[in-house]
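I opened my notebook with the model on screen. These entries record what I looked up.

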Amino acid sequence: MNYFEFYGLPESFELDAAQLKKKFYELSKKYHPDFYASESEEKQEEVLQLSTLNNKAYQVLSDPAKRTEYILREHQLLAEGDKYPLAPDFLMEMMELNEQVMDAEDEATINSIKVSVKEASAQLDAEEAQQTSGFSSKSKDEQDVALKKILNIYYRRKYLLRIQESLNTFATR
């Protein structure tokens, strides 16, 4: 079952955290296995599955990055092993940053790279906010266009995260 449907919420990248938490607790009480201890094994299994679904749904929907990935998967835009074609200029920029990390020999250089990564990340955040804002109220065609742009942002963000991991590894040496 779709997590948004399970919670009775419209598909959206922007969820009201308080409303989501309220729904989670409401369903946690409703599907708590202890309340069904005297029911048939079938009913107990059903409730256990619903309780598990509730926990997984909350775990995904309460985290913006996981929620984005979930929505992209629900629209069949993400699949394991996909080779997404990123723009050559972006790939060049990431390669240059990666080379800078590998060649960095002092803390000042590392800090300079961190600033560049932070700026690139902020730019992605702004692009993503533009595409996700009011997503559920957009037409189907507008949503499709936005989802394709969000997918591109998703893959660019993955590149940046790898560079951040390299920076963290380098910083601990």
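Which residues does Arg156 touch, not counting those up to four places away in sequence? I found Leu86, Phe90, Leu124 and Glu127. Contact here means heavy atoms within 4.5 Å.

**Entry: ground rules**

I noted that this is a predicted model, where local features need pLDDT of at least 70, side-chain atom pairs count only at pLDDT 80 or more, and totals for chains, interfaces and linings use all residues. Residues are numbered from 1 along each chain as its sequence is written, and side-chain values use heavy atoms, with hydrogens and water left out.

I looked up pLDDT too: it is the predictor's confidence in each residue, from 0 to 100. The protein averages 92. I also read that 98% of the residues score at least 70. Among the elements, helix α1 (residues 3–7) has the highest mean pLDDT, 97. Helix α7 (residues 140–172) has the lowest, 90. Helices are DSSP runs (H or I, at least four residues), numbered from the N terminus.

**Entry: Arg156 again**

I went back to Arg156 and placed it in helix α7. Is Arg156 buried or exposed? Arg156 counts as buried because its relative accessibility is 13%. The cut-offs are under 20% relative accessible area for buried, over 50% for exposed, and partly exposed in between (1.4 Å probe, protein chains only).

**Entry: the core**

Next I checked the largest nonpolar core, which has 44 residues. Such a core is a set of buried Ala, Val, Leu, Ile, Met, Phe, Trp, Tyr and Cys residues joined through side-chain atoms within 4.5 Å. Tyr7 and Leu61 touch the most other members. At least two core residues come from each of α1, α2 (17–30), α3 (41–61), α4 (64–74), α5 (88–103), α6 (107–132) and α7. Helix α7 gives the most, with 10 residues.

I then listed the contacts of Tyr7, leaving aside its neighbours within four places in sequence. They are Leu20, Lys23, Phe24, Leu27, Asn54, Ala57, Tyr58 and Leu61.

**Entry: helix pairs**

Two packed helices are described by the angle between their axes and the distance between the axes. Axes are lines fitted to C-alpha atoms, for helices over the stretch in contact, and angles run from 0 to 180 degrees between N-to-C directions.

I started with α2 and α3, which pack at about 170° with their axes 10 Å apart. So α2 is roughly antiparallel to α3 (the term covers angles over 145 degrees). Leu20, Lys21, Phe24, Leu27 and Ser28 in α2 meet Asn54, Asn55, Tyr58 and Leu61 in α3.

How do the axes of α3 and α4 cross, and within what distance do they come? They cross at roughly 105° and come within 6 Å. Therefore α3 is roughly perpendicular to α4 (the range is 65 to 115 degrees). Gln59, Val60 and Leu61 of α3 make the contact with Lys66, Arg67 and Tyr70 of α4.

Val60 counts as buried because its relative accessibility is 16%. Not counting residues up to four places away in sequence, Val60 touches Tyr3, Lys66, Arg67 and Tyr70.

**Entry: α4 and its ends**

In α4, I found Arg67, Thr68, Tyr70, Ile71 and Leu72 buried. Asp63 caps the N-terminal end of α4. A side-chain oxygen of Asp63 lies 2.9 Å from the backbone nitrogen of Ala65.

After α4 comes Gln76, in the loop between α4 and α5. Most residues other than glycine have a negative phi. Gln76 is not a glycine, yet its phi is positive, about 55°. Gln76 counts as exposed because its relative accessibility is 67%.

I placed Met95 in helix α5. Met95 counts as partly exposed because its relative accessibility is 42%. Met95 and Ile163 are 68 residues apart in sequence, and their C-alpha atoms are 9.4 Å apart.

Met102 is in helix α5. Met102 is exposed, with a relative accessible area of 53%. Met102 and Ser166 are 64 residues apart in sequence, with 8.5 Å from C-alpha to C-alpha.

Definitions and conventions: Polar contact = N/O pair within 3.5 Å; in protein donor to acceptor, adjacent residues only side chain to side chain. Parallel < 35°, antiparallel > 145°, perpendicular 65-115°, else oblique.
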